Amino acid sequence: MFKYLFAKAEDIPAGSAAVYFGFSSIVWFVIGTGIGSFNAAKLAFPDFVTGSEILSFGHMRQVHVLAVILGWISMAFAMAMMYITPALGNTKLWSEKLGVWNCLLWNVGLSLGLFLLWLGITSGREYSDLPWFIDLVVVFGLLLPLGINVWMTIKTRRTQGIYTTNWFFGAATFMVIIVFLVGNAPEFFQLTGLTEAYMTWWFAHNVLGLWITPVAAAISYYIVPKVTGNPLYSHRIGHLHFWSVVVFYSTPAAHHLMSAPLPEWLKSFASVEGVLILVPAIAFVSNLLLTMTGKWRMFVENIEIKFTITGVMMAIPLNLQGGFQQTRAINWYIHGTGWIVAHAHLALLGFSTFLEAAAVYYGLQTLLRRKLYSLGLANFHFWMLLIGFSTYWISMTIAGLIQGAGKIYEVPYIDVVIAEHPYMIARWVGGTMVFLGNCVWLFNMWKTARAGTVIPAGRLPHELAYER
Amino acid sequence: MAFREYKVGARMFGLALGTSMFITLYMPSLDMGSVAATASAMERQLGFGRVGGFSYEDPFLQGWAKPVTVDIDKDPKTGAPIEPTRAYVYEANVPFPNGIRHPRILGKASEALSETKGHVTEADESHGAVFVVRETTQNGVSVPYIENVTATKGWAPADTIAVSSDSARSYIGKGKIMFVREGCWWCHTLLPEQTQDWQYFGAPPMLGDFNGESPTAFGSDRKAPDLTHVGSRNSSREWMNLHFFNPRLVQPHSIMPRYDYLWGDKDANGKPIDYDAWRTAYNDYESGKTVYPPEVPLPAADSEARALIDFIINLK
Amino acid sequence: MGWRFDNPLGTLTTDDQNARAKKLWNEEALGAITEDNNRLPQPIIGLLVLTIVTAFLITFPLWGQRPNAAMFEPYIELMDAPEIQGKSDDEAMAFIVAQVKASGNEWLPKLERHPVEMDDLRLIRDQVIELKNKGVDLREYNIVGNKVVLANFEGNKRPDGTVERIQPWWDKGYTIDIFFIIFFCLGVMIAVKRLPEYDWQPTHGDH
């Protein structure tokens with residue numbers, strides 16, 4: 001990687017940046033889920049690794065969250081953008097060199113930010129925990145170079161049209177920069193009080209809604225038609241999906257503070273808009289599942305489709321939860337409980353991770369021109385993720401319902417803690433399965449790069465048989 | 001916008017996102033910005049200082065350059081007895097809270113009163129100042145304001161601290177830093193909800209209760225009791241000492257981490273704390289080998305544990 | 001940008017522009033990926049309409065409301081009733097509850113969810129009577145432990161600029177929602193109807 005930083009542009013092989021981003025993302029996924037498993041162990045067994053400031057839960061929790069969001073998910077996005085955007089424009093990445101630099105800056109900037117968070121140097125705002133100068137690094141070192149590469153690649157495309165995936169890539173990179181700059185305004189300009197609290201959740205909501213959800217969906221808009229060979233079912237539904245993300249997903253920020261004294265009109269507005277996130281969800285799921293028509297065998301046989309369609313199907317419970325749990329009718333019961341934690345993991349570890357994993361699997365094979373080293377290990381990874389995640393989600397949902405009941409019936413809090421204990425252990429077991437599965441994945445991809453079957457020119461990875 | 005008309009599409013995208021931001025950012029900012037700070041908001045921000053997270057004056061979140069809250073019953077200048085008063089002491093170069101540094105935070109009436117009656121504009125960070133929260137009645141309504149008692153009564157920061165005993169000093173500002181740095185708010189929320197649970201955790205706050213405070217650290221994932229009014233439920237320092245050092249000493253089923261490391265090297269008597277010996281003794285107690293747990297050391301006045309307990313107990 | 005309005009359910013674009021769009025759509029593959037021109041399936045449209053209606057219905061604040069002072073006002077009035085003098089607290093409370101139930105109070109569902117005892121009523125009685133004498137709207141006050149306090153709702157503004165401390169059933173948030181949804185639907189319908197009509201499908205050249 002380092003040799004390309006100062007190489008001539010024409011000496012850098014096409015796809016280098018995407019490959020570096022791909023492997024970085026897997027490494028961050030291993031780190032992020034490893035910390036997650038460690039944290040979960042602490043919630044189940046509070047005296048596990050005790051008495052050390054640096055390894056205490058309060059110092060590690062935000063490192064887990066941001067390692068997964070900015071390390072795993074966002075770097076997998078960057079990887080996907082760097083090979084899908086040019087592929088859809090029948091062209092090359094606008095600047096491979098900028099991409100390589102971007103990857104280096106991303107790893108360095110994120111490591112620095114997480115190290116500071118680990119020491120406890122935080123802004124004290126959930127999801128935008130990073131102090132403001134790291135936020136600026138994120139915007140100008142990580143996201144802006146990525147955005148420039150994506151926008152310029154779309155601009156210099158050699159097709160007349162822009163495929164739906166690239167609408168999302170181009171728009172989401174732009175929106176996430178706006179979200180970071182505006183959402184961190186309380187720190188830049190010292191805004192205070194409920195304005196600060198509201199802006200914190202405006203950021204948190206929109207970084208999910210305008211970055212993670214649409215980009216993850218956009219990836220599957222590429223993977224499913226590409227691997228199945230079917231045309232996308234409907235360009236029209238693509239319109240409905242894209243516009244409803246911009247319109248409905250950017251507005252419900254206030255529904256995260258339904259129990260705070262915000263103006264009631266804002267909550268009413270946000271709550272209706274919050275249910276309407278089902279509009280992009282319905283459009284997305286129906287479009288992708290209808291694209292699968294005639295190719296459902298691949299859901300069983302093909303690892304990328306297996307990951308993608310599992311992720312797409314998880315969008316159904318995810319959005320039903322997300323749409324309805326924020327309304328006044330339901331929020332009073334489950335707000336602030338483990339139910340929400342389960343929901344957040346359904347969004348990031350369920351829905352989105354499965355879509356990105358498919359992109360990383362497919363992209364690394366395509367770019368390295370190597371067939372996946374072992375299908376068995378990939379399937380093992382898939383089932384570890386799925387079973388581990390499901391264990392986590394079910395146990396935290398039950399724990400959340402217990403907490404909700406405890407809250408409504410005003411049970412002494414310690415009784416809730418006691419009742420939750422078995423589910424905390426189950427959560428730790430599930431999280432640890434995800435972590436172990438990811439270690440296997442890293443090994444599998446490393447062996448793919450070193451020892452995978454070479455894919456002949458003109459063939460696609462899924463057209464070749466597995467050797468192991 | 002027809003098939004592949006991207007210029008029109010790009011403009012529609014800008015319009016959609018812009019409208020969304022206008023409704024979700026600009027419109028609520030008018031409502032929230034027009035709300036006057038309550039007395040509680042003034043007490044909170046004066047106690048916490050300018051920022052509760054990362055800041056120039058405290059980049060490593062050690063609780064540097066934070067105000068000290070003192071409860072006094074003697075006039076620091078004359079030594080004459082006065083009504084029990086809570087004063088917020090900003091020593092030289094401790095940044096003032098946002099309600100004093102910035103306009104349009106306290107609300108029109110309070111801001112005007114703080115300037116005319118409270119002389120807050122005469123306060124100077126490079127010399128420090130002492131503030132108290134007062135209330136007066138205007139048109140039949142009680143209006144809180146901040147008074148710069150260094151200007152009105154000549155209370156110097158050093159004198160104000162000097163007339164208070166150690167137990168009357170609360171390091172609330174430093175404690176809030178500990179609360180944020182140690183991630184207490186990942187489990188303990190600071191926001192009783194508008195629905196049922198407030199019978200247990202107390203009244204939910206009003207919109208004006210946070211003006212000038214940053215971060216509010218509401219928390220979102222309540223794995224432990226809400227702490228907004230914890231000082232009213234439990235104000236025992238002895239209990240807090242045990243609970244922070246090892247929560248299992250007072251609540252065997254607690255899943256809270258031990259915060260013994262906040263005690264630092266020495267206890268209140270200047271004696272070094274032997275953590276290894278303490279843990280060994282505790283393990284013996286836990287496994288039933290001994291009947292009593294080891295004594296928990298008292299935190300030193302400048303320790304982080306003391307500041308955190310001060311913060312918690314003052315959440316009323 | 002040619003427009004036509006004689007076939008709004010088919011296409012809003014002129015034939016020559018559609019012909020160009022169809023040619024391009026047929027011939028071009030974007031990274032070997034093509035798109036079809038299928039319409040939105042009708043069940044999905046039904047689901048979308050249902051979503052929009054549900055969004056409003058479920059947002060109206062019908063559940064999860066906390067006890068307010070107005071709810072207990074009839075209870076407190078009955079505390080002086082001659083029938084209960086000399087009775088034990090439990091009997092008196094049962095009498096009060098039965099009386100209020102029989103009189104058909106608007107708060108009955110909430111009263112059932114928030115049962116109280118005579119001791120609870122005694123704690124709030126004087127405060128509620130005092131507020132009543134002041135002439136304030138008791139619905140704006142909530143019971144917190146043994147105190148009756150102003151609710152923290154930031155509801156609709158009254159003409160004099162003060163805020164109602166009541167969760168409103170309708171406010172400007174819903175109004176903005178309605179306009180927002182209308183503009184969205186119009187925008188997407190125009191965008192989609194500017195495409196060639198949906199009974200035409202691209203053949204994707206030789207892909």
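Between chain B and chain A there are five salt bridges, a salt bridge being a side-chain nitrogen of Lys or Arg within 4 Å of a carboxyl oxygen of Asp or Glu. The structure is a predicted model, in which local features need pLDDT of at least 70 and side-chain atom pairs count only at pLDDT 80 or more, while totals for chains, interfaces and linings use all residues. Residues are numbered from 1 along each chain as its sequence is written, chains are lettered from A and ligands numbered from 1 in the order in which they are written, and side-chain values use heavy atoms, with hydrogens and water left out.

**Chain B with chain A**

- One of the salt bridges joins B:Arg248 to A:Asp47, with the closest N and O atoms 2.6 Å apart.
- Helices α1 (6-33), α7 (172-181), α8 (198-201) and α11 (275-286) of chain B each supply at least two residues of the side that touches chain A; helices (H or I, at least four residues) and strands (E, at least two) are DSSP runs, numbered from the N terminus.
- Of the elements on that side of chain B, α1(B) gives the most, with 15 residues.
- The contact (heavy atoms within 4.5 Å) takes 83 residues from chain A and 77 residues from chain B.
- The size of an interface is often given as the accessible area lost when the parts come together.
- Chain B and chain A bury about 6600 Å² between them, 65% of it on carbon and sulfur atoms; buried area is the accessible area (1.4 Å probe) that two parts lose on being put together, summed over both.
- The rule finds 24 residue pairs in polar contact across the interface of chain B and chain A, both residues at pLDDT 80 or more.
- A polar contact is a pair of N or O atoms within 3.5 Å; within protein, one must be able to donate a hydrogen and the other to accept it, and residues adjacent in sequence count only if both atoms are side-chain atoms.

**Chain B with chain C**

- In this interface, 22 residues of chain B are in contact with 31 residues of chain C.
- The area buried between chain B and chain C is about 2200 Å², with 61% of it on carbon and sulfur atoms.
- Three salt bridges are found across the interface of chain B and chain C, among them one between the side chains of C:Lys157 and B:Asp31 (3.9 Å, N to O).
- Three residue pairs are in polar contact across the interface of chain B and chain C, both residues at pLDDT 80 or more.
- On the side of chain B that touches chain C, α1 and α8 each supply at least two residues, and the largest share, six residues, comes from α1(B).

**Domains of chain B**

- Chain B is divided into domain 1 (39-171) and domain 2 (178-313), with bounds that come from an automatic or database domain assignment.
- The C-alpha centres of the two domains of chain B lie 26 Å apart.
- In domain 1 of chain B, 19 residues are in contact with 17 residues of domain 2.
- Domain 1 and domain 2 of chain B bury about 1500 Å² between them, 48% of it on carbon and sulfur atoms.
- On the domain 1 side, B:Arg44, B:Leu61 and B:Tyr171 lose the most area to domain 2, together 34% of what that side buries.
- Across the interface of these domains the rule finds two salt bridges and nine residue pairs in polar contact, both residues at pLDDT 80 or more.
- B:Arg306 forms a salt bridge with B:Asp166, the closest N and O atoms being 3.3 Å apart.
- Both α2 (39-48) and β5 (169-170) of chain B supply at least two residues of the side of domain 1 that touches domain 2, and α2(B) gives the most, with five residues.

**Backbone features**

- Most residues other than glycine have a negative phi, and most peptide bonds are trans.
- A cis peptide bond joins B:Ser214 and B:Pro215, with omega about -10°.
- B:Pro215 is found in the loop between α8 and α9 (230-233) of chain B.
- A:Val49 has a positive phi of about 50° although it is not a glycine, and A:Val49 lies in the loop between α1 (16-44) and α2 (57-88) of chain A.
- For B:Asn139, in the loop between β3 (129-138) and β4 (141-148) of chain B, phi is positive and near 50°.
- B:Asn139 counts as exposed at 82% relative accessibility, whereas A:Val49 is partly exposed, with a relative accessible area of 31%.
- Buried means under 20% relative accessible area, exposed over 50%, and partly exposed in between (1.4 Å probe, protein chains only).

**Cysteines**

- The structure holds zero disulfides over all chains, a disulfide being a pair of cysteine sulfur atoms within 2.5 Å.
- B:Cys184 is in no disulfide, and the nearest cysteine sulfur, that of B:Cys187, is 8.9 Å away.
- B:Cys184 is buried, with a relative accessible area of 8%, and A:Cys103 is buried at 0%.
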